[in-house]
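Me: I would like to learn how to read a model like this one. Can we take it feature by feature?

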Amino acid sequence: MAFFYAGPPPAMSLVQPPSSLLFLSPPAPRCSISTALSPSSPPFQPSRIIVRWMPPPAGWCKLNFDGSVFNDGSQRASIGGVIRGCDGRVVVAFSERTEHWTVGVVEARAMIHGLRLALSCFIERIIVEGDDLVLVQLLRGEETQTRIPAAMHDEIVGLLRCFAECEVQHIYREGNSVAHVLCRQAYERPGTWMEPTVMPAAVCAKLDEDLRGVLHERRLRKRHA
């Protein structure tokens, strides 16, 4: 059994990204245990990976965002996100309800709201990280498929161009837990916070896990030969 550190998907450059956006190359996965395989063995596929939230480099901030949609007839939908500095401390966090729509649109709303907050805080360099792979690949120029209207896509690109430098990257939900919990809190305690001491206890617990570098296991579905 082997463990891999999860990173953003490799760049494929199907669409040229805006010239003002900076996309850093993801680190190569590292295997902690290796086993010799015979030439006839099938390609190795890990059964699980280890996910961990990482703080941004010095001089940068990181926005983690998430959108939540209930398809149970309740018409509930919410957005949440948090901006943290290179020390892992909170700059600003938000949690609020939004109009019920498709998950792709709600995820994009969360990103837009977070980017606007970042600009209002005069942040110049930002990493934007979320677990919506389709949206991330679209903005990185790795995919042309989209689940959001063209106007919303243009708005996001316009906001990203307002920063001196930026990067958009994917993370699995296990590493995006603070934004995920903020989404859920929108139904009970919505708000915008700049001090962790006044945030809901469930959010503070996840923030503490990230600060301590807690690792999360993600099980992968096995591919059939």
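Me: Which residues of helix α4 are buried?

Reply: First, the ground rules. This is a predicted model: local features need pLDDT of at least 70, side-chain atom pairs count only at pLDDT 80 or more, and totals for chains, interfaces and linings use all residues. Residues are numbered from 1 along each chain as its sequence is written, and side-chain values use heavy atoms, with hydrogens and water left out. Buried means under 20% relative accessible area, exposed over 50%, partly exposed in between (1.4 Å probe, protein chains only). In α4, Ser177, Val178, Ala179, His180, Val181, Leu182, Cys183 and Gln185 are buried. That is eight of nine residues, so α4 counts as mostly covered.

Me: What covers the buried residues of α4?

Reply: Look for contacts, meaning heavy atoms within 4.5 Å. The cover includes β2, β3, β4, β7 and α5 (201-211). Helix α4 (residues 177-185) lies across β2, β3, β4 and β7, at about 140° to β3. Such an angle compares axes: lines fitted to C-alpha atoms, for helices over the stretch in contact, with angles from 0 to 180 degrees between N-to-C directions.

Me: How many helices and strands does the chain have?

Reply: Elements are DSSP runs, numbered from the N terminus: helices are H or I of at least four residues, strands are E of at least two. Here there are five helices and eight strands. Along the sequence, the pattern is β-β-β-β-α-β-α-α-β-α-β-α-β. Of the 225 residues, 45% count as buried. Take the contacts with a separation of 6 or more: residues 24 or more positions apart account for 76% of them.

Me: In what order do the strands of the sheet lie?

Reply: Strands of a sheet pair through backbone hydrogen bonds, either parallel or antiparallel. Two strands pair if DSSP finds at least two bridges between them. Here six strands form an open sheet in the order β6-β5-β2-β3-β4-β7, with mixed pairing. The edges are β6 (165-170) and β7 (191-193), each pairing on one side only. Neighbouring strands are turned by 10° against each other on average, direction ignored.

Me: In which sense do β4 and β7 pair, parallel or antiparallel?

Reply: Antiparallel, over three bridges, with β4 spanning residues 90-97. Phe94 has Thr192 in β7 as its bridge partner. β6 is mostly covered, with five of its six residues buried.

Me: Which strands does helix α1 lie across?

Reply: Helix α1 (residues 103-120) lies across β2 (61-69), β3 (77-84), β4 and β5 (125-130), at about 150° to β2.

Me: Why is α2 called largely enclosed?

Reply: Count its buried residues. Six of the eight residues of α2 (residues 133-140) are buried, so the rest of the structure largely encloses this helix. They are Leu135, Val136, Gln137, Leu138, Leu139 and Arg140. These pack against β2, α1, β5, α3 (150-160) and β6. At the start, a side-chain oxygen of Asp132 comes within 3.3 Å of the backbone nitrogen of Val134. Just after α2, Gly141 takes a positive phi of about 80°.

Me: Which side chains make polar contacts with Glu129?

Reply: A polar contact is a pair of N or O atoms within 3.5 Å; within protein, one must be able to donate a hydrogen and the other to accept it, and residues adjacent in sequence count only if both atoms are side-chain atoms. Glu129 lies in strand β5. Its relative accessible area is 4%, so Glu129 is buried. Its side chain makes a polar contact of 3.2 Å with that of Lys62. Another, of 2.6 Å, goes to the side chain of Gln169. Leaving out residues up to four places away in sequence, Glu129 also touches others, including Trp53, Phe65 and Asn176.

Me: How many aromatic pairs are there?

Reply: A pair of aromatic rings is described by the distance of the centres and the angle of the planes. Rings of Phe, Tyr and Trp (its six-membered ring) pair if their centres lie within 6.5 Å; planes under 30 degrees apart are stacked, over 60 edge-to-face, the rest tilted. The count is one. Phe70 and Tyr187 are edge-to-face: 5.5 Å centre to centre, 80° between the planes. Phe70 sits in the loop between β2 and β3, Tyr187 in the loop between α4 and β7, 117 residues apart. Tyr187 has a relative accessible area of 15%, so it is buried.

Me: Over which rings does the charged end of Arg76 sit?

Reply: A charge sits over a ring if NZ of Lys or CZ of Arg is within 6 Å of the ring centre and within 35 degrees of the ring normal. The charged end of Arg76 sits over the ring of Phe70, 3.8 Å from its centre. The charged end of Arg76 also sits over the ring of Tyr187, 5.0 Å from its centre.
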